[in-house]
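This report is written for a reader who is new to the structure shown below.

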Amino acid sequence: MRMYDIILKKRNGGTLTKEEIACFIDGYVDGSIPDYQASALCMAIFFRGMTDEETAALTDCMARSGDMLDLSRFGDRTVDKHSTGGVGDKTTLIVAPIVASLGGKVAKMSGRGLGHTGGTVDKLEAIPGMKVTMEREDFLRQVEAVGVAVIGQSGNLTPADKKLYALRDVTATVDSIPLITSSIMSKKLAAGSKNIVLDVKAGSGAFMKTPDDARILARNMVAIGKACGRNMAALITDMSRPLGEAVGNTLEVIEAAQVLRGESKGDLYDVCVALATEMTMLFAGVSHAEAEKQVVGAIESGAAYARMKEWIAAQGGDPAWLERAKTGDGAAEAVPVLSPADGYITAMDTEAIGAAAVILGAGREKKEDAIDYSAGIIVGKKTGDAVRKGQTIACLYTNDPAAAEPAAQRYLDALTIGAEPPEKTDLIFDIIR
Ligand code: URA
């Protein structure tokens, strides 16, 4: 089998066989297929697409390209969750302990932030002492004892995705539905959970800019996961504004704790309850109404917050810090952003708000950049809110005195202020089961 023929077949709109897909992935991982041929195939896939069968075969080959985590000792109670990425998305910190307190087993590998999107591993590292690397047996023992362990991607999981994603990033082939599907789902399959809930974001801060595009991606991922033997659900949720109020690592951990203590009940609470409900339906096999009752009960009883503190302690973190941490801790500068006009916020460019947080030091432009955990933004006013000229509409936190002004400008440029309130839009556009 020649890579040239595989590229030609896809370029001409053909359907690749499992053997051809396996030949590509195996050869690309072992180095016998060069980057230029792999990028030509990715571009052909970008234009020609893939059938569900091709995408399932690609996902399966990528998942098997490295180690696969064996979670069979936990039976069918393993449950994972994946967000396609956004700004202010701290849902893992909230839903993982909720679900663990209800008997789910969350053995999760998460990523770091890059560009305008944050990453769970960075948020966890904002907790003093918290470790995000662990030997595999210790990781599994913690899942058994506490119900939740979250670490950075470790070991030789999906080397095919690592290589391909880096290639797609520099060849303008990231935003292809079959390639995104296989990239995300191969990692989820290799991570071993029986039950998987996806949070596919739609809007100005997300990969998918519209709910319709997000729906297509979500349907694809749900179908592939099911074809590979997993129980699946996907929520399509709004990312046309930051989720919750906090953007930036320490600020987001504090907000997550506030939700689990029942002190915060806005959009973040609603998305977390919806996600945890789907997760509970899958691992516990209960109805939506029953799952939601259990999820809300876990927050109201304090069980989920207690589980969050146990989880932090198990990974070497200081749970007492969570009690005393306050907004703005560790940041030398707290700079208010003032509304330039009277009116209503009618739109937010959420990607640009993420970029403002990066300027403050909360995120990375390049993988190797250091981050300032205490830097970030508290978003006071969001789309639909009335604002008055001179009113504080956000607060920027940083340790870099030179960052505040450009970040404030970026933040203001991200807002559209109009005379009339915008139409109300949904927070959760769809649930695909
Ligand atoms: N996230 C991934 O992990 N892979 C993609 O292709 C896109 C987003």
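## Glycine 147

Glycine 147 is found in the loop between helix H7 (136–146) and strand E3 (148–152), where helices (H or I, at least four residues) and strands (E, at least two) are DSSP runs numbered from the N terminus. This is a predicted model, in which local features need pLDDT of at least 70 and side-chain atom pairs count only at pLDDT 80 or more, while totals for chains, interfaces and linings use all residues. Residues are numbered from 1 along each chain as its sequence is written, and side-chain values use heavy atoms, with hydrogens and water left out.

Is glycine 147 buried or exposed? Glycine 147 has a relative accessible area of 1% and is therefore buried, a word that stands for under 20% relative accessible area with a 1.4 Å probe and protein chains only. Not counting residues up to four places away in sequence, glycine 147 touches Ala100, Gly104, Lys105, Val106, Gln142 and Arg307, contact being heavy atoms within 4.5 Å.

## Nonpolar cores

The largest nonpolar core has 75 residues, and those with the most contacts inside it are Ile98, Trp311, Ile377 and Tyr411; such a core is a set of buried Ala, Val, Leu, Ile, Met, Phe, Trp, Tyr and Cys residues joined through side-chain atoms within 4.5 Å. Helix H12 (residues 267–284) gives the most to this core, with ten residues. Domain 2 (72–323) and domain 3 (333–418) each supply at least three residues to this core, with bounds that come from an automatic or database domain assignment. Apart from it lies another core, of 22 residues, among them Ile6, Tyr28, Ile45 and Ala160.

## The largest pocket

The largest pocket has a volume of about 1700 Å³. On a 1 Å grid over the protein atoms alone, a pocket is an open set of points where a 1.4 Å probe fits, with protein on both sides within 12 Å along at least five of seven lines, and lining residues have an atom within 4 Å of a point. Grid points are joined across faces, edges and corners, and the volume is the space filled by probe spheres set on the points.

The largest pocket is lined by 49 residues, of which Gly111, Arg112, Leu114, Tyr165 and Lys187 lie nearest its centre. H8 gives the most to this lining, with six residues. Because domain 2 (72–323) and domain 3 (333–418) both give residues to the lining, the largest pocket lies between them.

Key: Buried < 20%, exposed > 50% of the residue type's maximum accessible area, 1.4 Å probe, protein only.
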